[in-house]
Amino acid sequence: MVDIVTAMGWNYVSTLASEGNYGESGVEAFVQISREIGGVCIAQSLKIPREPKPGEFDKIIQRLLETSNARAVIMFANEDDIRRVLNAAKRSNQTGHFLWVGSDSWGSKISPVVQQERVAEGAITILPKRASVDAFDRYFRSRSLSNNRRNVWFAEFWEENFGCKLGMHGKRLGSSKKCTGLEKVGRDSSYEQEGKVQFVMDAVYAMAHALHRMHRDLCFGYPGLCPRMSNINGKELLSYIRAVNFNGSAGTPVVFNENGDAPGRYDIFQYQITNKSTAEYKVIGQWTNKLHINMDAMRWRTGDPTLPVSVCSVPCRTGERKKIVKGVPCCWHCERCEGYHYQASEFSCELCPYEQRPDANRTGCQPIPIIKLEWHSPWAMVPVFISMLGILATTFVIVTFVRYNDTPIVRASGREMSYVLLTGIFLCYAITFLMIATPDVAVCSFRRIFLGLGMCFSYAALLTKTNRIHRIFEQGKKSVTAPRFISPASQLVITFSLISVQLVGVFVWFAVDPPHTVVDYGEQRTQDPENARGVLKCDISDLSLICSLGYSILLMVTCTVYAIKTRGVPETFNEAKPIGFTMYTTCIIWLAFIPIFFGTAQSAERMYIQTTTLTISLSLSASVSLGMLYMPKVYIIIFHPEQNVPKRKRSFKAIVTAATMSGKLTQKGGDRPNGEVKTELCESMETNTSSTKTTYVSYSNHAV
């Protein structure tokens, strides 16, 4: 019965037994074997009293329904109790709910299921495997009142079997028919061999074989009972009975195991209702030390071959672990493996390696997809578009300056410093492409070099210019002698000295931490593993990035300070005010950059936002410098060439005196053509330092 329940996949069952040795010992054996084998849990073990009170069977059904998942009910009960249990289930309208598994006391009997076929439908019962003994049929059919007088009950059987009465002393009352004695079993009455005849015969033969062997061993051929067997010890005889081994009446071997049990040979029946509403027991399998059952032959509700379930908990889905209910190994709660956990076994979830995430079924782990900033992404297209416009504009300015290299405006702008500054502006635009390119060792190396280099070129040149203007006017307040290191060569040396500091820092960084790529799985490690991504990036931390830009920012702040100091210099004489406006605007851009860059450090879109913010900030800084410092000059060169002519010569003393009288010169500067003398001071200072003998210097001398 345990094998049947296991084959059905029913791991949660109840037991029901009639009070007494048969029922209680049967349930006890079932429970013990199910525990030894495992996989079957007992929901309830109920007992039917010997003398049940009214309503007792209804209470039993209600108690069975308390564990409604345990639909299978294992029954070790007598016929009458089985019939009343089925009747109570019928009254409770539970037809089709319970899955009855009956012992051999139910077997293939009709009496328990009469008029309650529907509620008994699908019941599985067992019966010891038996065979009809033909010799017994011949013998029993030949018995009559004349040749079977030794059986004192045979006369009563005769009356009952033929429905007649044997004379005045007959036992059958109320029958007018008299027995003639000529009746014949099987001819004048129905006859079917009792199913246990085989076992009775085998039991008698087992005793006979045991006594025969015992006599042979103890009496050594002595006829009849020898003195040694006159007082038989029961335990000694039992050992001989257990040792017998012969072919029984059905041709099957008769042996006993260590427990004294004969080999189990059972037929398995199922009570089925056919399509014609005919109910019958059908053989669906057999058991001979091992279960053989035809699942296809089974039927449950009329015509339904689907196997019903009797389980405490349904199997967990993939990706879920079982959490066993304490004390009931067949009952569990299913808990889904959440987050980055996968189902490692039936009862446990484990965390995937850091670079992996659970697969769709959560039965294993798979690599987290690796992403990078793609060229077609909107986060890349916008800064690339701005950079391309900036590169075109910068290239146009450079080409214009080269073509008109010897014109007064280009010379007055300080050609050498202008080219340095334009180089820095070009690099600020170009770094966008390196920041978006697929990271590898080469790209990461170029990022380190050029990330801060463009700004360093720009602000080193602007700082040198503003410092030169500041020194000129400070010197002019004290004497008419020109300050030192204001020639173009000196300015280039100062500028490249400032730039070299940035390069030295980058090369030290290369030596301490060689450039390489990493995959950052933490940046986009979202709560939902489906959205998790690994970000391919250069191994540049936020701190390293700030350090790389820090020197350029220091140059920018210093340049802004000098721009503030020279704000009082008349616009007509120098570039201080355009440089000042450039630096103020640049400072605002970078002040906005800092909170955006660091405020998105925890965002899932961090890579996109920070890269886009950085590249656009660099491009805007370059655009401000290009627009305020060079576009006005290019405009005059292209559209107003008549203003691009040399002006009269002025002495250093006259220029400084004029600069200190800004109020007067403002009106005068307004009367002069736009752009004529914006950079006249720079022009004059360069030529004064190159020749101390010349009091007035022209643009042509500056070219030399």
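Student: What volume does the largest pocket have?

Tutor: This is a predicted model. In it, the volume of the largest pocket is about 1400 Å³.

Student: Which residues lie nearest the centre of the largest pocket?

Tutor: The lining has 39 residues, and Asp261, Ala262, Gly264, Tyr266 and Trp287 lie nearest the centre. By type, the lining of this pocket divides into 24 nonpolar, nine polar and six charged residues.

Student: Which element gives the most to that lining?

Tutor: H2 does, with eight residues. Elements that each supply at least two residues include helix H1 (2–8), helix H2 (21–37) and helix H8 (197–219).

Student: How much space lies in the second largest pocket?

Tutor: About 380 Å³. Its lining has 22 residues, with Met435, Arg447, Lys537, Ile540 and Thr611 nearest the centre. Two or more lining residues come from each of helix H12 (415–436), S19, helix H15 (542–565) and H17. H17 has the largest share, five residues.

Student: What is the strand order in the sheet that contains S19?

Tutor: The order is S17-S19-S18, in an open sheet of three strands with mixed pairing. Strand S17 (370–371) and strand S18 (517–524) are the edge strands. S18 and strand S19 (residues 533–538) run antiparallel, joined by five bridges. Asp520 stands opposite Val535 in S19.

Student: Which strands does helix H17 lie across?

Tutor: Helix H17 (residues 606–629) lies across S17, S18 and S19, at about 115 degrees to S18.

Methods:
Residues are numbered from 1 along each chain as its sequence is written. This is a predicted model: local features need pLDDT of at least 70, side-chain atom pairs count only at pLDDT 80 or more; totals for chains, interfaces and linings use all residues. Side-chain values use heavy atoms; hydrogens and water are left out. Two strands pair if DSSP finds at least two bridges between them. Helices (H or I, at least four residues) and strands (E, at least two) are DSSP runs, numbered from the N terminus. Contact means heavy atoms within 4.5 Å. Axes are lines fitted to C-alpha atoms, for helices over the stretch in contact, and angles run from 0 to 180 degrees between N-to-C directions. On a 1 Å grid over the protein atoms alone, a cavity is a set of points where a 1.4 Å probe fits but cannot get out, and a pocket is an open set with protein on both sides within 12 Å along at least five of seven lines; lining residues have an atom within 4 Å of a point. Grid points are joined across faces, edges and corners, and a volume is the space filled by probe spheres set on the points. Ala, Val, Leu, Ile, Met, Phe, Trp, Tyr, Cys and Pro count as nonpolar, Asp, Glu, Lys and Arg as charged, and the others, Gly among them, as polar.
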